[in-house]
Amino acid sequence: MDWKTIIYEEQQKEYYKELQSFIDKQYEIATVYPKKENIFKAFELCNYDNLKVVILGQDPYHQKGQAQGLAFSTPNHIKNPPSMVNIIKEIIDDIGDCQCLDGDLTPWAKQGVLLINTILTVEDSKPKSHEKKGWEIFTDNIIKYISKNKEDIIFILWGAPAIKKSKLIDEKKHHILSAPHPSPLSSYRGFFGCKHFSQTNTLLKNIGKEPIVW
């Protein structure tokens, strides 16, 4: 199985056809992020067979040039948003080094980290503008599919909306790490010091998988 087949199966469902109509219209009449060809970038960069880790975000960055189809990630020429600044700080505090200081998390994706938001599109300057249009059903189904068909995947859930998704994951087969969201509003309530990056690599080593170069 691969992501293209899994996504294609979702796209045949009624909810997705309605979502597709909504999205197509929005790209015509408004400024929507990420670029249309990057909506599924997370799946294109992270090979299904090599999947090790799932990091769940909320919805894409809503300012020009930021969203690139990977949760939390931004193109390397863009100033790091506050959440990314805090993620980098935690990585350095946790393991001493970070290979993604420029905020572009493409190297993580290529190592088997699926960086998906629960909502995959957003209108310019309007956070959560594409909430409850069908994306949540899509991403819930992806999480359920991974839970059912894979083993020993590490799910990293930051913030209340992501943590709620733990009910979709079979904890007997997988590993869940949860913490407050890395945004400045909540990072000091337990994101800093969560040590998810070293914990993930310890878990990967324990199951005989190559650790992630964060």
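Residues are numbered from 1 along each chain as its sequence is written, and side-chain values use heavy atoms, with hydrogens and water left out. Because the model is predicted, local features need pLDDT of at least 70 and side-chain atom pairs count only at pLDDT 80 or more, whereas totals for chains, interfaces and linings use all residues.

Helices (H or I, at least four residues) and strands (E, at least two) are DSSP runs, numbered from the N terminus. Strand S2 (residues 53–57) runs parallel to S3 and is joined to it by 5 bridges; two strands pair if DSSP finds at least two bridges between them. Val53 has Val113 of S3 as its bridge partner.

Salt bridges, defined as a side-chain nitrogen of Lys or Arg within 4 Å of a carboxyl oxygen of Asp or Glu, number 6 by this rule. One of them joins Asp24 and Lys36, with an N to O distance of 2.9 Å. This pair links distant parts of the chain, 12 residues apart: Asp24 lies in helix H2 (residues 14–29), and Lys36 in the loop between strand S1 (32–33) and helix H3 (41–45). Asp24 is partly exposed at 26% relative accessibility, and Lys36 is partly exposed at 40%.

A salt bridge also forms between Lys165 and Asp140, whose closest N and O atoms are 2.7 Å apart. Here too distant parts of the chain are linked, 25 residues apart, with Lys165 in the loop between helix H7 (160–163) and strand S6 (175–179) and Asp140 in helix H6. Both Lys165 and Asp140 are buried. In the salt bridge of Glu123 with Lys126 (3.3 Å, N to O), Glu123 is buried at 17% relative accessibility, whereas Lys126 is partly exposed at 43%.

On the surface, Lys128, Lys144, Lys164 and Lys167 gather in a patch of positive charge. Such a patch is made of residues with over 30% relative accessible area and no salt bridge, like charges being joined within 9 Å and nonpolar side chains (Val, Leu, Ile, Met, Phe, Trp, Tyr) within 5 Å. Lys144 is located in helix H6 (residues 135–149) and is partly exposed, with a relative accessible area of 42%.

Methods:
Areas by Shrake-Rupley, 256 points an atom, 1.4 Å probe, with all protein chains shown as cover. Lys, Arg positive; Asp, Glu negative; His and termini not counted. Charge placed at Lys NZ, Arg CZ, Asp CG, Glu CD. Buried < 20%, exposed > 50% of the residue type's maximum accessible area, 1.4 Å probe, protein only.
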